[in-house]
Amino acid sequence: MADPRRRTPRTDTVLDAPDVRAACTRLGRTRVKATVGEVLEACRQGRVEPDDVVPVVLACLPAAATSLRRVVNATGVVVHTNLGRAPLSASAVEAVTIASGATDVELDLVSGRRGPRGSAALAALAAAVPDAGGVHVVNNGAAALALVTCALAFGREVVVARGELVEIGDGFRVPELVESVGGRLREVGTTNRVRLEDYRGVVGEQTAFVLKVHPSNFRVEGFTSTVAVGDLATLGVPVVADIGSGLLAPHPRLPDEPDAASYLRAGATVVTASGDKLLGGPQCGLLLGDAEVVQRLRRHPFARALRVDKLTLAALEATLTGPTTPVAAALATSPEDLLHRAERLAASIGEPARPVASTAAVGGGGAPGVELPSAAVALPARLAGALRQGPLPVVGHVEGGVLLLDLIAVPEESDASVADAVRTVLGQDS
């Protein structure tokens, strides 16, 4: 009898199959050819039938050329750092698609000469914060503070309260960031209390600015005191306020969260913030404040190293001028509406799913300790891993031995996909 391995197709024959050719166009020939080689080797070993080579190759190929996967954020954390922080609005996604090709990012189409980079995005940011005399954008929130320090405080003192020397994500610390770009820290007060007199006692000729850092990822309670931006502005030196979460104006659901407009009106010289948190836009760092100071920051040589690309500029402009962002929509959703969705979703899944009231959080270093009333679908905790590893990963959180799929950050149009994912896992679990 002839050896069935002799029926193994040739590499070029498999690559020439119409569906495989289409995959090469989508994913790149190198990646597809490597997968074809692996499947053909399995065929030679008798683990794949020769007639099944093409279907197996197609099944083994990724859905896209990126290893990143779209997931459903059912964690109850609206701005989840591990899940990419703020999801972009549909208009921002469209803007990124447009900007992915050749664009007029630095070209004046009327004159045919070089134009100002990102002028529309900066104009949109300025319109969103009228209290800012000048605006600039860099590649993230930490970069914004680094640029301010490098440009204004190289070799000089930055006065900051001890209780505001915070550690941000992944072990990065504000004091180390400031010192790494040439600033010299001058700490005042204690970890829980600081007074205006503490600042006044150290401000002098070597003071570049007073730094006000919002402790966005923790909260100190009890015997505490801080100094407001308006009071710091009386010290006669610039005040730089790092608000972190990117709230541009007061939010009714987050009354204690600092915002750029209020800080600028109170007298801050420059406000720095992130664009991919409460603003609901792409990762970037926002600089808002005194026109002359911001222009100095924009023209500093270090600013070039922190420049944002055309995709970020496009997404930021669309975020600022377009429809409600997913983050804003989540914060505006009523717990009653969420509970109705949870009831419908649980009913479509069947046992053992059940609707429950839950508590969500802002996340992303915003509004620490603020509880957002929400609703979830409760499931057995043992399903958490399988749901994370499914074709459409659904990421919830386990609380009290129960897996909760919180709906506050899940778009309603994704409910059917979530139900399908849960039913699939339940079928595998039975």
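Analyst: Let's start with a cysteine: Cys 24 is buried, at 14% relative accessibility. Here, buried means under 20% relative accessible area, exposed means over 50%, and partly exposed is in between (1.4 Å probe, protein chains only). Keep in mind that this is a predicted model, where local features need pLDDT of at least 70 and side-chain atom pairs count only at pLDDT 80 or more, while totals for chains, interfaces and linings use all residues. Residues are numbered from 1 along each chain as its sequence is written, and side-chain values use heavy atoms, with hydrogens and water left out.

So what about disulfides? A disulfide is a covalent bond between the sulfur atoms of two cysteines. The cut-off used here is a pair of cysteine sulfur atoms within 2.5 Å, and searching the whole structure turns up 0 of them. For Cys 24, the closest cysteine sulfur is in Cys 60, 14 Å away, which is too far for a bond. Cys 43 has the closest cysteine sulfur in Cys 60 too, at 13 Å, again too far. Cys 43 is also buried, with a relative accessible area of 3%.

Now for the part I'd really zoom in on: an open sheet of 4 strands, in the order S9-S10-S13-S12, with antiparallel pairing. Strands (E, at least two residues) and helices (H or I, at least four) are DSSP runs numbered from the N terminus, and two strands pair if DSSP finds at least two bridges between them. S9 (354-360) and S12 (397-399) stand at the edges, each with a single partner strand, so one side of each has no neighbour in the sheet. On average, neighbouring strands are turned by 45 degrees against each other, direction ignored. For angles, axes are lines fitted to C-alpha atoms (for helices, over the stretch in contact), and values run from 0 to 180 degrees between N-to-C directions.

Have a look at S10 next. S10 (372-380) pairs with S13 (402-406) in the antiparallel sense over 5 bridges; Leu 379 stands opposite Leu 403, and Ala 378 stands opposite Leu 404. S10 also pairs with S9, antiparallel over 7 bridges, and there Ala 378 is the bridge partner of Arg 354. Of the 9 residues of S10, 8 are buried, so this strand is largely enclosed by the rest of the structure.
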